[in-house]
Structures are given as C-alpha cells and as structure tokens.
Amino acid sequence: MTSTAERALFVDMDGTLVSTDVLWEAFFQAVKAQPWVILLAVGWLLKGRATLKDELAKRVVVDPGALPYRDDVIEFVRARKADGDTVVLATASARAWAEPVAAHLDVFDDVLASDATNNLKGSNKLAAIEAYCDGRGLQAWGYVGDAHADLPIWDKAHEVFVVAPSSTLQQRVPKATQVFGKKPSLIKAALKAMRPHQWVKNVLLWVPLMLGHAYDDPEKLFAAIVAFAAFSLTASSVYLFNDMLDVEADRLHPKKKFRPFASGSLPLLYGPPMVAVLISIAITLSVLFLPTEYLGVLLLYLAVNSAYSTSLKSKMLIDVMILASLYTLRIFAGGVATGLQVSEWLLAFSIFMFTSLAFAKRYVELARVAAEGKSEAKGRGYRVEDLDLIISVGPTAGYLAVLVFALYINNGLPDFYVNKSLLWLTCPLLLYWISRLWFLAKRGELDHDPVVFAVTDKASLAVGLGVGILLLLAAPPW
C-alpha cells in the first residue's frame with residue numbers, strides 16, 4: 001500500500017482552482033491599458049501559446065486576491081495536504097501568475113507552470129507531472145482538472161478528480177474518484193451578462209415619437225420598435241465589453257461580483273464572439289429597416305461607449321458628462337429613426353436631467369466606498385471627500401432641467417398643446433421626483449443605477465404616469 005509520503009496531488013488552476021481563465025483576464029487587462037496589444041497578441045499567438053502567455057505576463061500582474069476561487073476544491077486540497085500528500089499546482093498559466101496564487105493560498109508544495117517555450121497543457125503537462133514524480137520517488141498521484149485537455153493526464157492518474165464537467169466531458173473522462181460541482185448553464189449566464197433588464201433605458205428612443213404625437217403612424221411606430229431592438233443589442237455588446245475589462249474591479253463590489261464574467265459562470269473567451277454577433281445583428285437591422293443616419297448614430301454610441309469603458313470612465317467629471325450624453329443620444333437616435341425632429345429644448349432638458357442622474361450613480365458608488373472605510377473608488381476619479389460636492393452639484397443639475405422645461409412651456413411650446421396651462425403642473429412633479437431621488441441617495445436607499453430605479457420604483461412610476469396624463473390632456477389626440 002502506498003504511504004501518503006509517496007503520494008502526490010496535482011491541481012490545475014484555470015477553471016479548476018479558480019472559476020476563470022487567468023490568460024483571458026490578463027489579455028483584457030492588457031487591452032484596457034494598451035489597446036494596441038490586440039494587434040501584438042496576434043503575432044505572439046502565431047509563435048505559440050507559450051509566447052503569448054510569456055509576453056502578457058511581462059505586461060500584466062494578476063492580483064491573486066481578486067480571483068474567484070472554488071472553495072470546495074481548496075478545502076479538498078487542504079485536507080489532502082493535512083493527510084501528508086505532496087500538493088502541486090500544475091497549470092498551463094504562466095509561472096508569473098501561478099506562483100503568486102500558490103503563495104496566496106499557502107497550501108502548495110511546488111508549482112509546475114508554462115514558460116516562454118513550453119505551454120504546460122495536455123501531454124506537456126502529463127510529461128512534467130511524470131518527470132516530477134520520478135525525480136521525487138512518488139509512487140501514486142492524483143489530478144484535479146476540468147477540461148478536455150486534461151483527458152490524457154486522467155488516463156495516467158491513479159486518482160481522477162473532475163471539477164464542474166460538461167455532459168460531454170463527463171462521458172469521456174475515466175471513472176472519477178470525485179466530482180466537484182456542476183457546470184453552470186452557459187445560456188443563462190450569457191443572457192444575464194447581456195443585462196436585458198437594462199434595455200428599459202432604451203425606451204428613451206420612443207420619446208420623440210410620443211412627444212411628437214406620432215404613435216398612431218404605423219411606419220414610425222415600426223421604425224421606433226426596430227430602433228429599440230438595434231440599440232438594445234448594441235447596448236448589450238457594450239455591457240459585455242465593459243464587464244470583460246472590469247472583472248477585477250467588479251469582484252470588489254457587493255453586487256457586481258455576481259456578474260457572469262466576474263463570478264466565472266461565463267468564461268471570458270465567450271465575450272468577444274458574443275459582442276461580434278450582437279453588433280452584427282444590430283447593424284443588419286439598422287441597414288435593412290432604418291434611415292442611413294441611424295446607423296451613424298448607433299456607431300457613434302458604440303465608439304463613445306468603448307472609449308468610456310477603456311479609459312474615460314476613470315476621468316473625474318468627464319465620465320458623468322459622457323453618461324449624460326449617452327442617455328441624451330438615445331433620444332436623438334429615436335428622432336433619427338422615426339424622422340421626427342428633436343428640439344433643442346428637449347436636448348437641453350435631457351442633458352441636465354441625466355447629468356443629475358449620473359452624479360447620483362457616482363454618489364451611491366462613492367458612499368458605499370466610504371462605508372467600507374476606503375478613501376477612493378477603484379477605477380474611478382473620485383475620492384470620498386468629493387461626496388459633499390457631488391450632493392450639491394447633482395440635485396442642482398436636476399433642478400436646472402426643470403427650469404429648462406418651465407422656459408419651454410413659456411416660450412417654445414408647439415401649437416398642438418391647446419391646454420398649455422396644464423403643463424405647469426408637471427414642474428412640481430418633477431421637482432418632487434428629483435428631490436426624493438437625492439434624499440434616497442443620501443440615505444443609502446437608492447439603487448446603483450438611478451435610471452433602472454426610476455422604472456421600478458412605485459413613486460417614480462406614479463410621477464411618470466402623472467406627467468404622461470398631463471401631457472395627454474395638454475395636447476389631446478381627440
């Protein structure tokens with residue numbers, strides 16, 4: 001019988017010890033810092049995956065404390081270590097990433113990892129494991145893995161441990177000694193990553209249709225619906241892109257850490273093809289059914305959002321202005337899609353209103369950071385001492401939006417508003433809503449996204465209904 005002193009346990013890292021792939025995490029971190037890395041990576045990959053990993057490892061330091069670990073696997077490894085097994089981290093990741101993880105967990109006796117010339121995967125990893133055992137007189141060894149590339153290793157292992165296998169992998173793997181967890185549904189994770197609940201923001205595209213009283217025009221109504229669909233798919237592609245770049249920061253957030261990429265339920269490698277498919281469908285819809293100018297607006301939204309995700313979101317004040325502009329761009333896009341003119345009054349109102357909401361979003365994030373005893377928000381340009389200024393500037397921007405609306409009532413109303421005096425009643429409703437939103441923000445009761453809050457909060461919906469009724473009575477269609 002083999003003693004525990006002669007027994008070893010080799011543990012894979014990516015997808016096994018952690019529910020993510022460190023290579024992809026490093027790639028997106030590198031792209032976020034230096035976008036031209038995308039082009040360099042093609043050349044590195046042509047030389048082999050070992051070269052790609054080595055070059056990325058020179059540029060990216062992965063924080064081992066920010067990775068999504070599998071607690072059940074770690075607990076098992078610690079138990080085997082306590083039994084006297086030699087425990088080795090055997091990974092295809094670069095050594096520069098693997099060694100900090102081993103040091104962070106403080107359970108591994110040694111590390112086998114890729115270097116500049118050898119990609120330690122599949123048969124290469126098997127050869128390294130067998131050489132390691134031969135050199136140390138280890139008579140029996142087990143292997144913990146999660147992928148098809150591990151099949152040749154499991155074929156030789158004395159103990160087979162499989163982590164969250166797919167149905168096809170489970171059919172091909174030798175009789176497992178133990179299976180850890182189940183593979184999450186990729187379809188559910190992909191849909192969650194697309195954030196369809198955020199599509200409610202895109203009803204802003206219908207504002208020109210409603211204010212222009214053209215909702216009874218079938219062609220314009222169809223155009224508005226298609227525009228909504230195209231914009232929603234584009235927005236989802238942006239959410240995916242943003243989440244791919246922000247996995248490390250998201251894991252530090254109490255809610256965002258459950259997002260599919262951050263939690264590891266959706267592998268990062270699925271991100272780029274999903275983005276490509278969503279954008280392709282959005283562009284196809286725009287080309288086939290909408291004016292040429294709409295595609296230009298859609299591409300502008302995509303370009304600005306990409307710049308925001310890669311760098312501008314960390315710039316103080318600039319990030320707020322861009323957020324406000326992107327919301328306003330939705331209204332403008334609705335006008336372009338339906339052929340309805342969007343007045344300067346509406347654009348001005350939107351800029352001020354969404355600036356207030358963008359500041360509210362930053363206030364909520366920064367208040368959470370302050371509650372955690374930190375001095376600044378990671379990846380943002382704000383510090384805790386900015387809270388007092390934000391809560392002063394934010395409501396002011398909202399009140400300026402109401403002022404713009406009041407001036408519009410007084411000077412810019414079109415002729416179809418026959419009961420203009422009724423519109424003055426919308427001003428106190430808007431003032432109430434803005435003030436209440438900021439009261440809730442100050443109390444810590446506001447959702448991190450004020451726009452989503454606005455369409456789910458009962459009081460906000462009541463205010464919206466009241467404004468809608470007043471607009472309808474001021475310009476009755478009958």
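Mentor: We'll take the overall build, then salt bridges, then a surface patch and one serine.

Trainee: What should I know about the model before reading it?
Mentor: It is a predicted model: local features need pLDDT of at least 70, side-chain atom pairs count only at pLDDT 80 or more, and totals for chains, interfaces and linings use all residues. Residues are numbered from 1 along each chain as its sequence is written, and side-chain values use heavy atoms, with hydrogens and water left out.

Trainee: What does the secondary structure come to?
Mentor: There are 21 helices and six strands. Both are DSSP runs numbered from the N terminus, helices being H or I of at least four residues and strands E of at least two.

Trainee: And what does the C-alpha trace span?
Mentor: About 95 × 50 × 35 Å along the principal axes.

Trainee: How much of the protein is buried?
Mentor: Buried residues make up 51% of the 478. Buried means under 20% relative accessible area, exposed over 50%, partly exposed in between (1.4 Å probe, protein chains only).

Trainee: What about accessible surface?
Mentor: The total is about 22100 Å², and 62% of that belongs to carbon and sulfur atoms. The areas come from the Shrake-Rupley method with a 1.4 Å probe; for residues, only the protein chains shown count as cover.

Trainee: Switching to charges. How many salt bridges are there in the whole structure?
Mentor: The search finds 23. A salt bridge here is a side-chain nitrogen of Lys or Arg within 4 Å of a carboxyl oxygen of Asp or Glu.

Trainee: Which residue does Arg 95 pair with?
Mentor: Glu 99, with the closest N and O atoms 3.0 Å apart. Both lie in helix H5 (residues 95–105), four residues apart, about one turn of the helix. Arg 95 counts as partly exposed because its relative accessibility is 33%. Glu 99 is partly exposed too, at 39%.

Trainee: What does Lys 313 form a salt bridge with?
Mentor: Asp 246, and the closest N and O atoms are 2.5 Å apart. Lys 313 is in the loop between helix H15 (292–310) and helix H16 (318–338), and Asp 246 is in the loop between helix H11 (218–245) and helix H12 (247–250), so the pair ties together parts 67 residues apart in sequence.

Trainee: Are those two buried or exposed?
Mentor: Both Lys 313 and Asp 246 are buried.

Trainee: Where does Asp 319 come in?
Mentor: Asp 319 forms a salt bridge with Arg 362, the closest N and O atoms being 2.5 Å apart. This pair links distant parts of the chain, with Asp 319 in helix H16 and Arg 362 in helix H17 (residues 344–371), 43 residues apart. Asp 319 and Arg 362 are both buried.

Trainee: Which residues are linked in a network?
Mentor: Arg 7, Arg 80, Asp 85 and Glu 159, through salt bridges.

Trainee: New topic. Which residues form the nonpolar patch on the surface?
Mentor: Val 203, Trp 206, Met 210, Leu 221 and Ile 225, with about 400 Å² of accessible area together. Patches take residues with over 30% relative accessible area and no salt bridge; like charges are joined within 9 Å, nonpolar side chains (Val, Leu, Ile, Met, Phe, Trp, Tyr) within 5 Å.

Trainee: Where is Met 210 found?
Mentor: In helix H10 (residues 207–211). Met 210 counts as partly exposed because its relative accessibility is 43%.

Trainee: Last one. What is Ser 232 in contact with?
Mentor: Leaving aside neighbours within four places in sequence, Ser 232 is in contact with Trp 199 and Asn 202. Contact means heavy atoms within 4.5 Å. Ser 232 is found in helix H11 and is buried, with a relative accessible area of 2%.
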